[in-house]
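Thanks, everyone. Please take a look at the structure on the screen, and then I'll walk through it.

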Amino acid sequence: MKKIGIFYGSNTGMTAEVADEIAALLGVAKDDIHNVAKSAPSEVAPYDVLLLGASTWGNGELQDDWYDFIDGLEALDLKGKKIALFGCGDETMSDTFCGALGEIYSRLQNTGAAFVGAFDANVYEFDNSPAFIDGVYVGLCLDQVNKEELTAPRIKEWVAKLKTEI
């Protein structure tokens with residue numbers, strides 16, 4: 001069985017709630033769920049699969065706690081690990097919806113990790129997303145503000161897909 005670690009950053013608690021829901025569906029223990037504000041990048045070492053969650057703020061930026069953490073992750077050799085991304089955005093931010101996922105994806109390209117968990121975000125209404133790269137959404141995009149009713153079914157669908165990829 002692959003060891004899964006969930007690492008998230010959350011200002012309002014929405015991304016933390018999503019991390020907990022995903023953990024419950026995957027059977028991930030509480031000790032394997034990490035808030036990046038209180039974690040060192042080296043804590044990813046024991047995990048085969050990294051689920052990285054971030055909310056998008058401002059003009060498509062990462063949640064504040066992510067900056068030091070991702071700087072450290074970029075410096076690590078993550079060869080052999082799989083990374084799946086999830087995050088919360090606001091579709092009314094029409095040009096930057098879930099932009100944090102696109103930033104994490106782009107910044108971790110040179111770490112040797114393999115990305116899994118691409119997922120369709122077309123149920124939301126927005127013009128552009130930095131998380132749409134090379135014709136796919138690089139992870140699970142959620143809008144807890146405008147379409148909260150879609151969150152639980154989308155998480156279940158994504159986790160089911162993820163189980164086949166990890």
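What covers the buried residues of α4? Before that, the ground rules. This is a predicted model, where local features need pLDDT of at least 70, side-chain atom pairs count only at pLDDT 80 or more, and totals for chains, interfaces and linings use all residues. Residues are numbered from 1 along each chain as its sequence is written, and side-chain values use heavy atoms, with hydrogens and water left out.

Now the answer. The cover includes α1 (14-26), β3 (49-57), β5 (82-88), β6 (114-116) and β9 (139-142). Contact here means heavy atoms within 4.5 Å. Helices (H or I, at least four residues) and strands (E, at least two) are DSSP runs, numbered from the N terminus.

On to α4. Helix α4 spans residues 151-165, 15 residues in total. From first C-alpha to last, α4 reaches 21 Å, close to the 21 Å expected at 1.5 Å a residue. That expected span is 1.5 Å times one less than the number of residues.

The buried residues of α4 are T151, R154, I155, W158, V159 and L162. They sit on the same side of α4, because they cover an arc of only 130° around the axis. The arc is taken from the directions from the helix axis to the C-beta atoms. On the other side, K156, K163 and T164 are exposed. Cut-offs: buried is under 20% relative accessible area, exposed is over 50%, partly exposed is in between, with a 1.4 Å probe and protein chains only.

Next, the core. The largest nonpolar core has 55 residues. Such a core is a set of buried Ala, Val, Leu, Ile, Met, Phe, Trp, Tyr and Cys residues joined through side-chain atoms within 4.5 Å. I6, I22, L51, L52, W66, F86 and W158 touch the most other members. α1 gives the largest share, 6 residues. Beyond its neighbours within four places in sequence, I6 is in contact with residues including I22, L51 and F86.

Aromatics. The whole structure holds 6 aromatic pairs. Rings of Phe, Tyr and Trp (its six-membered ring) pair if their centres lie within 6.5 Å; planes under 30 degrees apart are stacked, over 60 edge-to-face, the rest tilted. F132 and Y137 have centres 4.7 Å apart and planes at 50°, so this pair is tilted. F132 is partly exposed at 42%, while Y137 is buried at 9%. F7, Y47, W66 and F69 form one cluster.

Last, C98. This residue lies in the loop between β5 and α3. Its phi is positive, about 55°, although C98 is not a glycine. C98 is buried, at 0% relative accessible area.
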